[in-house]
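Subject: Handover of a structure, with notes

Dear colleague,

I am handing over the structure below, and I would be grateful if you kept it open while you read the notes that follow it.

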Amino acid sequence: MSYNRFRLFFALPFTFLLISGIFAANTFRTNRIAALVECGVLAAAFIAYLIWLTVCRRDMSHVILHAVSRMDVTKKKSIAAFPLPAVVTDEEGNIVLFNKRFNEVFLNGASYEKGSLERLIPGILCEHFSQDGMEISRGGRYFTVYYDETVHKEKRMRIFYFAENTELKKTAIEYSLSRPYVLLLSFDGIYEIQKNYSSNDFAEIRMRLDRIVGTWASGFNAVYDKMSMEMYVIIAESRNIDSMKAAKFRILDEVRSFAFHDRHVGVTLSIGAGCGNTFAECENSARQALDMAQSRGGDQVALRSMNGDYEFFGGIAKGIEKTNKVRTRIVASSVLELIRTSKNVMIMGHRFPDLDAMGAATAMCSAALSMGVPAYIVTDPQKSLAQPLLQRLRGENMGGCLMLPEDALAKASKETLLIVVDTHISDFTEVPQLLTKVKNIVVIDHHRKSVQFIDHAVLFFHDPAASSASEMVAELLQYISPDPVIGKVEADALLSGIMLDTRNFVLRAGVRTFEAAAYLKARGADTVRVKKMFSSSLDSYKKRNTIISGSGSYRGCSIAKASFESPDMRIIASQAADELLNISEVDASFVLFRTADCVNISARSLGKINVQLIMEKLGGGGHQTMAAVQLRDLSMEQAEEELRKAIDSYYDSVN
């Protein structure tokens, strides 16, 4: 019952008595006896009314007194005198009573019929309440709602108090929106692009790029400065970052599509944005974010929050290949020193290692052995996807280099050097427990950097522009020692890894890829022997074709599901994903298959679609043209639906 209706409920009987009194006065003029009788009846009715009124007021006050029982005694008159908006509801949430302040704030003085409080104030659910109350907003005003319960006539009643804190909330919101952010901007591979232009043309290109950055920064009323030829700094407020995010950092598109004299330049931009309690913390956070953006291939924004979480935007373009090998020489020298000062060396790749991981591990093992340091490849042969290479190693009397995970855990010590190849995520390694048993860790990987990277490695050799981990290792070997440290077996292993990740030198094969292949050819690699490593049985061939024949199309992607199980399911699925790319108008392929308690998705693309970004939306990762994910507690149909949503989300983000 509303406050107005509550007053009307008590006023009607009083009005009836008043009218009856007027009639009795008129009767007294004509018939005094009848008038006296009427007055007696009227007096009795008035006494009964007073008794009834007292009882009703006492019953309603019972609820009110419970609602304000914790207040000062002087404020216990009634809920109407309560200075804050207040409302009483029954157990079902229907309004029973409210005061004048509630009427003014939430009803604008209008009457309100019986109804649910939830209908009047959506979202005010009791299960959302805590000891600190619940925050709501109404017409630009902010309130903290406190909630209590009482029992009246064996019925549970609910009392809500609304404490307004509009000014405090507006101040807090303004404080949050004005927090400083530091953005560091860097053009990817600007020195590589400089080689293609004359000094005058390159100076004009730089001037135009400076203008693009300056115009973009000034649009957000931010402080902007140029630190070096390839680095810029912007200081902005949190509200500006929200505007940039809403526009999906369109400067990435402007720089990516930049042309000079109708010729596409090919420059991209990486941005690292960070915040903190001080400007020094903001700048340090921005540098970490920029390193993350560049380690993921560039052409993107890495936004680092106060708690260290990352948010990414962009990442469409392919990474720019760096022809300068200065860093490779420095890393090779460091690896050489670490190997020589270690008691033994252990090399491991990712779970279910493929030819790239095993090829890189085999070569690094051989390099360590050539220096007289015991070296082992940590792997479980039963879970390896490189069985042809393992058979070759056993046939060449190199089987003694293979070590089971349990044996590696028993043998590892603080004096052991652990080299991780073809992955940089601790949970994806063959034996994650090894990472905590050794002191020195070297990471060699080409996949785009993930936020779950191994952060305590003494040497982190990461190059997302490289085609494979085998290519990176082939480059390192050339600078580790002037004498050959690998033979034909290791050369074949490295070449098989390069061929796997480049699809026979079709994808991501740059100048350095062919230079590495030429080096391996000189070390005795044979393309025929390598080709045999990719051969499969007739049964696997038939199963692969079964998957391909059941595929469907969705937004330029081919999606296929494997309805059978096989010991070689991972190899069959990856090969089927590769084959699906041969179909016209297919830019990416996804093959779903079940193993144990999860649904696996093997993703491939020709570069137009970044499958890494799609797999990251599902909790996986990988590279721009090769990625994967494992989805637990989902059926095959549910996994396919989640995949379609991720594809839609990807298109929404890049458009």
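This is a predicted model: local features need pLDDT of at least 70, side-chain atom pairs count only at pLDDT 80 or more; totals for chains, interfaces and linings use all residues.

Residues are numbered from 1 along each chain as its sequence is written, and side-chain values use heavy atoms, with hydrogens and water left out.

Overall picture

The protein chain has 655 residues, of which 49% are buried, and contains 23 helices and 25 strands, these being DSSP runs (H or I of at least four residues for helices, E of at least two for strands) numbered from the N terminus. Taking a contact as heavy atoms within 4.5 Å, residues 24 or more positions apart account for 63% of the contacts in the chain with a separation of 6 or more.

The mean pLDDT, which is the predictor's confidence in each residue on a scale from 0 to 100, is 83 for the protein chain, and 84% of the residues reach 70 or more.

Aromatic pairs

Rings of Phe, Tyr and Trp (for Trp, the six-membered ring) are paired if their centres lie within 6.5 Å, and the planes count as stacked under 30 degrees, edge-to-face over 60 and tilted for the rest. By this rule there are 15 aromatic pairs. In one of them, Phe249 is joined to Trp216 in a tilted arrangement, with 6.4 Å from centre to centre and 40° between the planes. This pair links distant parts of the chain, 33 residues apart, with Trp216 in helix H7 (residues 199–218) and Phe249 in the loop between helices H8 (238–246) and H9 (251–256). Trp216 is also buried, at 9% relative accessibility.

Another pair, Tyr310 with Phe312, is stacked, with 5.9 Å between centres and 5° between planes; here Tyr310 is partly exposed, with a relative accessible area of 21%, and Phe312 is partly exposed at 25%. Ring pairs also link Phe98, Phe102, Phe106, Phe143 and Phe162 into a cluster.

Nonpolar cores

A nonpolar core is a set of buried Ala, Val, Leu, Ile, Met, Phe, Trp, Tyr and Cys residues joined through side-chain atoms within 4.5 Å. In the largest one, which has 58 residues, those touching the most other members are Val345, Ile347, Ile419, Ile444, Leu477, Ile486 and Leu520, and helix H12 (residues 355–370) supplies the largest share, 9 residues. Ile486, leaving aside neighbours within four places in sequence, is in contact with Ala363, Ser366, Leu477, Ala491, Leu494, Tyr519, Leu520 and Arg523. Apart from this core lies another, of 36 residues, which includes Ile205, Leu209, Trp216 and Val267.

Helix H17 (residues 488–502) has 15 residues and reaches 21 Å from first C-alpha to last, close to the 21 Å expected, where the expected span is 1.5 Å times one less than the number of residues. H17 is mostly covered, with 13 of its 15 residues buried. Most residues other than glycine have a negative phi. Just after H17, however, Arg503 takes a positive phi of about 55°, and this residue is found in the loop between H17 and helix H18 (511–522), where it is buried, with a relative accessible area of 14%. Phe505, in the loop between H17 and H18, likewise has a positive phi, near 65°, but counts as partly exposed at 25% relative accessibility.

Ser602

Finally, Ser602 lies in strand S23 (residues 598–605) and is buried, with a relative accessible area of 9%. Not counting residues up to four places away in sequence, Ser602 touches Ala573, Ser574, Ala577, Ser589, Phe590, Val591, Phe593 and Ala627.

With best regards

Conventions: Buried means under 20% relative accessible area, exposed over 50%, partly exposed in between (1.4 Å probe, protein chains only).
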